[in-house]
Amino acid sequence: MLIYSFCLWLCYTGVSVPAKLVELYLDLRASTEEHVRGFTEPSSEKLLPDLHPQEQHVFTLVLDLNETLLYSDWKRDRGWRTFKRPGVDDFLEHLAQFYEIIVYSDQQAMYVDPIVDRLDGKHCIRYRLSRAATRYQDGKHYRDLSKLNRDPSRILYVSGNALESCLQPENCVPVKPWKCEADDTALVDLIPFLDYVARHRPADIRPVLTSYHGHDIPKEFIERNKEHQRSRSNMGVCGDALEKMQIENGFSTSLR
C-alpha cells in the first residue's frame, strides 16, 4: 500500500517514476485485485462436477437453507436452536427421485455442513454449497447459478428470499419465508408443480417460471391445471392429441 501511494504521489507531482518501481506497483496491484476476487467471486468457475452422461436430462433443484428448509433462532436462555420446516422430509425424499438436489447457502461451511448432515438423514441432497461459492457485491452474498456447471434452462432455485438472493431471477421459485409457523405447508404445496416439471421436462424452465411471476405458484398451478382439464374435457379426443403434441414440444401451454 505504501508503494502504491508513493507511485501515485510521484505521478501527481510530475516526478519521473523508475521502471522497476512501476513494475513493482503493477505486480502489487494485480496481487491485490486477485486477493479481493477471492472474497467477492465464487470459489470456482465450476462449482459442481460434470453431470453423468446418463443424467443430462435431469433438472437441478437448488434450495436455499435458512427460512426455506429450516429456521435458526437464538434466545438468551438456550442459545441457538434450528427447526426443520414442516414437510421438509417428504419434500426432499419425493423430489430426490426426479431432481439433482443442491443446497446453496450464504452461510459459512462450518454452519452449513453439520446442519445439512442432520437435516438430510436419507441423503437426498447431492451437494451443498456455502458462502465461498457465492458472489459478493453491494454488501450482500448472492447465489450465482451461472457457476453451477449446469444447463441454465434446467435449473430451479427455491428460496424464501429468492429474488433478493439470486443473480438469475428467471430461475427463481419464490416461497414464503418460514419463521417457524407450525401450520406452514409451503414446501408440500410446491411438490405438485415441481413433480410436473420433472416428469414433463420443458425445453426451458425459465419462460415457464416467468409466466408465474407475481403469482403464488402452487395456487396458480392448481388453477391452470383445472383449466387444462376443462379444456381437455371440452375437446375430447382432439384434446388428448393436442396435449401429446404440447408435451412433445416441451411443456403443456395451459400450465405455462
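**P177.** I looked up P177 and found it partly exposed, at a relative accessible area of 27%. (Buried means under 20% relative accessible area, exposed over 50%, and partly exposed in between, with a 1.4 Å probe and protein chains only.) The model is predicted: local features need pLDDT of at least 70, side-chain atom pairs count only at pLDDT 80 or more, and totals for chains, interfaces and linings use all residues. Residues are numbered from 1 along each chain as its sequence is written, and side-chain values use heavy atoms, with hydrogens and water left out.

P177 sits in the loop between β9 (172-174) and α6. Helices (H or I, at least four residues) and strands (E, at least two) are DSSP runs, numbered from the N terminus. I then listed what P177 touches: E67, R85, G160 and N161, leaving aside residues up to four places away in sequence. Contact here means heavy atoms within 4.5 Å. I also checked Y71: P177 and Y71 are 106 residues apart in sequence, yet 9.3 Å apart in space, C-alpha to C-alpha.

**α6 and α8.** Next I followed helix α6 (residues 186-200) to helix α8 (residues 217-235). They pack at an angle of about 60°, with axes 8 Å apart. That makes α6 oblique to α8. Axes are lines fitted to C-alpha atoms, for helices over the stretch in contact, and angles run from 0 to 180 degrees between N-to-C directions. Angles under 35 degrees count as roughly parallel, over 145 as roughly antiparallel, 65 to 115 as roughly perpendicular, and the rest as oblique.

Which residues make the contact? From α6 I noted D189, L190, P192, F193 and Y196; from α8, I217, P218 and F221. The residues of this contact divide into seven nonpolar, no polar and one charged. (Ala, Val, Leu, Ile, Met, Phe, Trp, Tyr, Cys and Pro count as nonpolar, Asp, Glu, Lys and Arg as charged, and the others, Gly among them, as polar.)

**Cysteines.** How many disulfides does a search of the whole structure find? I got zero. A disulfide is a pair of cysteine sulfur atoms within 2.5 Å. The sulfur of C166 has its closest cysteine sulfur in C172, 4.1 Å away, too far for a bond. C166 is buried, with a relative accessible area of 5%. C124 is buried too, at 13%.

**S130.** Last, I turned to the loop between β5 (127-129) and β6 (135-137), where S130 lies. Buried or exposed? S130 is buried, with a relative accessible area of 14%. S130 touches Y104, S105, Q107, Q108, A109 and V112, again not counting residues up to four places away in sequence.
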